[in-house]
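Please keep the model in view while reading.

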Amino acid sequence: MSNKPLTFTITKQLTGTLARTGIIKTPHGDIKTPAFIVGGTQATVKTLSPEQVTQLGGQSILVNSYHLMLRPGVELIHKAGGIHRFMNFHGPFFSDSGGFQVFSLGMAYKKGIDITSHSKKGDAAQAINTKSQLTKVDDDGVHFRSHLDGSKLFITPEMSMDFQHKIGADIHMCFDELISPLASRENIKKATDRTHIWAKRCLDRHNQLNIQHIACGEDVQALYGVVQGGRQEDLRKGSAEYLGKCDFDGYGIGGVFEPEEISSTVKWVNDILPINKPRHLLGMGSQPADLFLGVEYGIDTFDCVAPTRQARNGALFTHSGRINIKNSCFAQDFSPIDVECDCYTCKNFTRAYIRHLFMANEILGLTLASIHNERFVVGTVDKIRDSITDSSFFEYKKSFLEKYYGVDRACDFESSGQK
RNA sequence: GCUGGAAUCGUGUAGUGGCAAUCACGGGAGACUGUAAAUCUCCUGCCUUACGGCUUCAUAGGUUCGAGUCCUAUUUCCAGCA
């Protein structure tokens, strides 16, 4: 048992940048940072066993309290001995609050328009002004309709903390309100202010629950505050200042970004957040630029479902760009997905075989593809960590991004420290 | 050999006298960022960048203002009988 939920030790700071390496110590083990946290929303990393997650280098998994509250229920997970025993993964866990679902089950999915991916398009701007389908937010909490059976739910920040503590992950997120960056400034400010009030409510309940854990001889758990503020500089900075003064164990940075925005938005925030606390960039990492820019501007951990989701849909990372393994040009390609990759899939199988599995709808294809994509991203962040340690970060970044995106596009991700 | 039935897009089908091509599968391509996602979107007879144009319902005739649809013959397939 531990009374210390989390310690963060910075092992190297890269001069002239916000990038650093470090170690997050939790009751269930250490996370060497920067690190990519594997997405395990529904208490599973889709198509992968915990052993496979470990083998591909996954240090930690993120689960989602909204999904688990609905199914199988947090009491059941508690009864099973907590998420570590329930899933049989004994490394550190993050849990998300359900705040993202306020967005994803709400306006983001209105009429099938997904503004997470089309946040620059005009039609999406219309969608955010219409009423959401499955959620409604007020000051006290969020009214959900279950996406499973349509039943009415009401979730408060306190309830989210109760759920997360029952699930028993090592690091929790505050229940926040994620709002589209296309919303009006007034609405973004409203959501950000509400997120701050909710953060205090989360912290209060979290501290009470930790006192109970100590009384019961159980491990205490950690809580991250979640910074919001859309793309508005003053709101982002205000959010970082406000939450930075609160006694959180670390910070999540929430919102919806294009990769190019990391160098502004994330920097605004990380210049202000306490330097000695870990920072998690929520939901980003679907492409390499996210990872390099995130680290450069002070991110310690990422999570993103894209590697596994895209894998299941046939989009596979390679060092020279993303490929769609279903394309007919791979039918007789007997090379590995990526010759530079050290994953189980690339060491043992060909593009032609994996394409065949996809075309035949065979489930092994999903697993092999997921192993590869997850390893690609986890491994890239690992190498970024090494490159900070030996001060070769900018060389590594340049060579990686130029090969992945091409020289022209890679220029978009250059930084002042690099130029 | 006889009797009956059938023939429409790569495949299986919808269309039962009024602008043929519905749906599914197969095929081609794109998207996916704190997972309502092994999902979604687009294309899939030919020509055309597009607008648009052209072809086509086994084959050949016939009836009809008009035929994938009705009639005749042929071909092929299926079923039953011999």
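Chain A is divided into domain 1 (7-312) and domain 2 (315-413), with bounds that come from an automatic or database domain assignment. This is a predicted model, in which local features need pLDDT of at least 70 and side-chain atom pairs count only at pLDDT 80 or more, whereas totals for chains, interfaces and linings use all residues. Residues are numbered from 1 along each chain as its sequence is written, and chains are lettered from A and ligands numbered from 1 in the order in which they are written.

The C-alpha centres of the two domains lie 26 Å apart. Their contact takes 33 residues from domain 1 and 31 residues from domain 2, two residues being in contact if their C-beta atoms, placed from the backbone, lie within 7 Å. On the side of domain 1 that touches domain 2, α11 (288-296) gives the most, with six residues. The classes on that side are tabulated here.

| Class | Residues on the side of domain 1 |
|---|---|
| nonpolar (Ala, Val, Leu, Ile, Met, Phe, Trp, Tyr, Cys, Pro) | 18 residues |
| polar (the others, Gly among them) | nine residues |

Helix α8 (residues 185-215) has 31 residues and reaches 45 Å from its first C-alpha to its last, close to the 45 Å expected at 1.5 Å a residue, where the expected span is 1.5 Å times one less than the number of residues. Helices are DSSP runs (H or I, at least four residues) and strands likewise (E, at least two), numbered from the N terminus. Among the buried residues of α8 are Ile 188, Trp 198 and Leu 209, buried meaning that 20 or more other C-beta atoms, placed from the backbone, lie within 10 Å of a residue's own. The buried residues of α8 pack against α7 (157-167), β10 (171-173), β11 (222-227) and α9 (233-244).

Methods. Buried ≥ 20, exposed ≤ 12 C-beta atoms within 10 Å, placed from the backbone.
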